[in-house]
Amino acid sequence: MKSGFVAVAGKPNVGKSTLINALMKRKVVIVSDKPQTTRNRINCVLNTPEAQIVLVDTPGIHKPLHKFGEYMVKIAVNALKGQDLILFLIDPIDMVRESDLNIAKIIKEANIPTILVINKIDAATQEQIQEAERRIKSVLDENSNIIAEFKISALTGKNLNELLEKIIETLPEGPQYYPEDMTTDRPLAFMISELIREKIFHLTSEEIPHSTAVVVEEITNKENLVYIRAEIYVERPSQKGIIIGQKGRMIKKIGMLARKDIENILDDKVYLDLYVKVKDKWRQKDSIILNTIGMRDDLD
C-alpha cells in the first residue's frame with residue numbers, strides 16, 4: 001500500500017485546516033475566519049482502500065509579534081522537515097504577499113516534493129488567480145521541487161478528488177503508521193481544548209481570541225456522563241470580563257457550543273466546567289506556552 005506524511009503549509013488563514021477537514025470528510029481540526037487559529041502541528045490520518053495519508057496541519061507561517069508567535073512559526077517550519085510531500089496553499093484573494101514568498105523559499109530549501117495548491121477559486125477572479133501564479137513562480141521556478149499544481153476550493157470541494165489522486169500517486173509504498181480507526185495523533189485533552197478555543201474564536205473579536213489559551217485540567221468518567229474541567233487563560237482582567245460576558249452569557253454560550261462538539265467526539269453526555277483565569281503576558285512566558293502547546297517534541 002501507499003503511505004506517507006503530507007505537510008499542509010501556508011500563511012495564516014489560507015484554508016489549511018478547511019482543506020484537511022474536506023479531505024478527511026469530517027471535522028478533525030478547528031477552523032475559523034481569523035488568522036492563526038491553528039497553533040500546533042496535528043497529524044490527521046486519512047485511510048483509503050489503497051493508502052494511508054497522514055495530513056500534517058501546521059500553524060500559519062507569519063512574522064511573530066511575541067514569543068508565542070515565535071513558537072508557532074518554529075513548529076510550522078519544523079513540521080516541513082522529513083515529510084514525504086508538501087501541499088503549499090496560496091490564497092489568490094488575499095494576493096501573494098511577502099509571507100508567501102518567504103514560505104516558498106523555505107519549501108524550496110527543504111527539497112521535498114511539493115504540490116502548489118491555489119485555494120478559494122470559488123471566490124477568486126481569474127485575474128487574481130493568474131497574478132498569484134505569476135508572483136509565487138518568481139520564487140518557485142523550474143529548478144524548484146514543485147511536481148504539480150492544482151486550483152481548488154476546499155470549501156466547495158472542487159478538484160479535491162483530483163488532488164487526492166495525485167497525493168496517493170506521489171506517496172511511496174510503505175507501512176500503515178496508525179490503526180484504521182485513528183483519526184488524529186493528539187490526546188483527547190488537546191482536542192477538547194481546541195474545540196473550546198474554536199468557540200472563543202467564533203464568538204469573540206479583535207484581540208480576545210489570540211489572547212486566550214485553553215488547558216484541560218480534568219477528564220473524569222462518572223456514572224452517567226463525562227466531567228471535564230478546563231481553564232481559559234487571558235492576559236488582562238478586561239478580557240476575562242468579555243469571555244464571561246454580562247451575567248455569564250458568553251461563557252455559557254462558549255460552553256454550550258463546545259459541549260455539543262465534544263459529545264459528538266465522545267459519543268457520551270458531557271458536563272463541561274469552564275473557568276477563566278488572568279495570566280499576565282502569558283504569551284511571553286515559556287512555561288505557560290509549553291503547557292498550552294501540548295507537545296514539546298514539535299520544537300526540537
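The model is predicted, so local features need pLDDT of at least 70 and side-chain atom pairs pLDDT 80 or more, while totals for chains, interfaces and linings use all residues. Residues are numbered from 1 along each chain as its sequence is written, and side-chain values use heavy atoms, leaving out hydrogens and water.

Colleague: How many of the nine residues of helix α1 are buried?

Modeller: Helices (H or I, at least four residues) and strands (E, at least two) are DSSP runs numbered from the N terminus, and buried means under 20% relative accessible area with a 1.4 Å probe, protein chains only. Leu-19, Ile-20 and Leu-23 are among the buried residues of α1. The helix, residues 16–24, is largely enclosed by the rest of the structure, because the buried residues number seven.

Colleague: Which residue just after α1 takes a positive phi?

Modeller: Helix α1 spans residues 16–24. Just after α1, a positive phi of about 60° is taken by Lys-25.

Colleague: What radius of gyration does the protein chain have?

Modeller: The radius is taken over C-alpha atoms, and the globule rule is 2.2 Å times the number of residues to the power 0.38. With 300 residues, a compact globule would have a value near 19 Å, so there is agreement with that of the protein chain, 20 Å.

Terms used
Buried means under 20% relative accessible area, exposed over 50%, partly exposed in between (1.4 Å probe, protein chains only).
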